[in-house]
There are 2 protein chains.
Amino acid sequence: MMSMYTKNINTHLIEIKNYFKAAISVDCVIFGFNNDELKVLLIESDLKEYKGKWSLLGDIVRPDEELDEAAYRVLKARTGLDNVYMEQVQTFGGINRHPAGRVITVAYYSLVNIEHVELKMHNNELHWHSVKDLHEMAFDHKQILDTCHERLKQQVMVQPVGFNLLPKKFSLRELQNLYEAILDVELDRRNFRKKFLSMDLLLDLNEEEEDVPHRPAKLYKFNFDKYDQRKKRYLGIGF
Amino acid sequence: MMSMYTKNINTHLIEIKNYFKAAISVDCVIFGFNNDELKVLLIESDLKEYKGKWSLLGDIVRPDEELDEAAYRVLKARTGLDNVYMEQVQTFGGINRHPAGRVITVAYYSLVNIEHVELKMHNNELHWHSVKDLHEMAFDHKQILDTCHERLKQQVMVQPVGFNLLPKKFSLRELQNLYEAILDVELDRRNFRKKFLSMDLLLDLNEEEEDVPHRPAKLYKFNFDKYDQRKKRYLGIGF
DNA sequence: TCAAAAGTGTTCCGGGTACACCCATGT
DNA sequence: ACATGGGTGTACCCGGAACACTTTTGA
């Protein structure tokens with residue numbers, strides 16, 4: 001009786017080979033931004049159970065591989081990109097979530113500049129899908145996507161991560177469209193501009209859009225260095 | 001070459017037994033609140049590598065067990081409590097984090113009323129430790145604890161989860177002490193009271209503290225029903 | 001000259017913060 | 001009476017929200 005309490009893996013472990021083991025995978029929710037829409041990079045599954053359904057990009061974690069490493073490996077293999085924003089979100093371990101047996105998956109989301117990926121996308125089966133009109137997916141991947149999207153919404157309101165989805169140079173309009181797409185809200189243009197300009201973190205490049213059929217907008221880039229140097233203040237209790 | 005890209009577990013899985021598997025555990029960061037201090041429930045490790053060091057409460061996930069179930073099982077076994085606030089936080093998969101082999105652990109934190117636990121704590125080796133003066137721990141458990149504490153800080157500012165650490169009836173002073181302990185800040189008493197009373201979510205019980213050597217404080221309880229009925233508003237972008 | 005989007009300021013309101021005094025109770 | 005913490009109100013400031021007109025460019 002006592003032994004069932006005390007003989008656990010943090011205290012009196014006997015032999016690890018006596019324990020149940022499961023396959024571990026990582027799944028990457030790779031977000032991009034294009035045509036004023038939040039996109040996610042998906043692949044068609046060929047597993048017979050999910051034939052033709054969209055699935056996230058993922059793979060099994062290797063014996064000598066950290067979880068983050070595995071996620072970066074998947075991302076790199078699929079997009080050619082490295083050094084992009086990535087964050088672990090949640091782990092999904094439903095008993096029957098994978099038809100081949102118990103596979104526990106650690107979900108990550110990452111934010112990439114969709115222009116940089118396009119180069120690597122020819123002749124394979126990857127597709128950028130609008131997050132908004134995506135309903136059915138393979139496995140529990142819709143749930144994973146929703147969870148990651150929710151996390152992204154929270155992050156984007158509190159940290160300057162959205163810029164990872166934009167080109168280095170962007171207009172305030174593009175930035176606003178990005179926020180509107182991620183949060184699925186409409187924002188007042190003047191207040192949005194005022195807000196971001198008053199943060200004093202956008203660097204005015206003294207450049208303008210080109211080839212637009214209207215008055216060209218000024219281009220900015222985000223001053224990450226300046227942001228990093230600022231200390232955060234206490235945020236207050238707000239619910 | 002192409003095959004390394006396409007033959008992954010979400011698309012062309014061959015046989016799951018060919019893949020590397022790891023042991024999966026859950027670790028619970030069980031927070032309590034006592035003597036105006038944030039506490040965490042720990043156990044001494046008897047593994048020779050960590051003899052005498054403090055470790056979190058955790059155990060291996062069973063073959064037919066959901067991750068959340070496993071976490072609740074650990075919690076129940078150690079505290080006798082069920083139906084408490086619990087939230088998955090992050091998964092730690094460092095290659096050498098466990099001396100017995102690769103063990104990937106999913107970390108949860110939970111918030112319990114420390115009074116309810118005390119009953120079950122006699123004659124075992126569990127201890128409530130002040131989070132503030134806890135430095136060295138077994139495994140990577142200090143890192144796990146820090147991550148969970150950080151998450152708790154974020155949550156407590158945005159959702160009414162703190163009440164799970166208090167008795168059903170509490171004074172505003174106790175509530176303030178709780179926030180100060182979790183966030184490690186000092187708050188102005190008048191503003192704190194105004195804030196919480198203006199939320200109109202505290203139910204005045206028309207009762208008072210007893211046996212205190214000064215003017216007794218009024219007791220309140222949190223109106224969870226009322227909170228649940230309110231819709232959240234858009235929070236704004238704030239970083 | 002027209003269409004389309006860029007750019008710009010003011011007012012109002014609510015919440016955050018700083019701050020000091022009287023009150024109720026037990027010893 | 002005294003010590004201890006409970007309870008209260010006001011003034012200021014800043015940031016969020018609502019809101020309409022002029023400017024620049026390409027077609």
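This is a predicted model: local features need pLDDT of at least 70, side-chain atom pairs count only at pLDDT 80 or more; totals for chains, interfaces and linings use all residues.
Residues are numbered from 1 along each chain as its sequence is written, chains are lettered from A and ligands numbered from 1 in the order in which they are written, and side-chain values use heavy atoms, with hydrogens and water left out.

The interface comes first. Here 79 residues of chain A are in contact (heavy atoms within 4.5 Å) with 79 residues of chain B. Between them, the chains bury about 6400 Å², of which 62% lies on carbon and sulfur atoms; buried area is the accessible area (1.4 Å probe) that two parts lose on being put together, summed over both. On the chain A side, the most area is lost to chain B by A:Asn10, A:Ile237 and A:Phe239, together 14% of what that side buries.

Strand 1 of chain A (residues 21-34) supplies six residues, the largest share of the side that touches chain B. Helices (H or I, at least four residues) and strands (E, at least two) are DSSP runs, numbered from the N terminus. That side of chain A divides into 42 nonpolar, 22 polar and 15 charged residues; Ala, Val, Leu, Ile, Met, Phe, Trp, Tyr, Cys and Pro count as nonpolar, Asp, Glu, Lys and Arg as charged, and the others, Gly among them, as polar.

Strand 1 of chain A also pairs with strand 1 (residues 21-34) of chain B, in the antiparallel sense and over three bridges; pairing requires that DSSP finds at least two bridges between two strands. In this arrangement, A:Ala23 stands opposite B:Lys21.

Which charged partners can be found? A:Lys142 forms a salt bridge with A:Asp146, with the closest N and O atoms 3.0 Å apart. Both residues lie in helix 4 (residues 141-156) of chain A, four residues apart, about one turn of the helix.

Helix 4 of chain A also holds A:Thr147. Leaving aside neighbours within four places in sequence, A:Thr147 is in contact with A:Val89, A:Gln90 and A:Phe92.

Terms used. A salt bridge is a side-chain nitrogen of Lys or Arg within 4 Å of a carboxyl oxygen of Asp or Glu.
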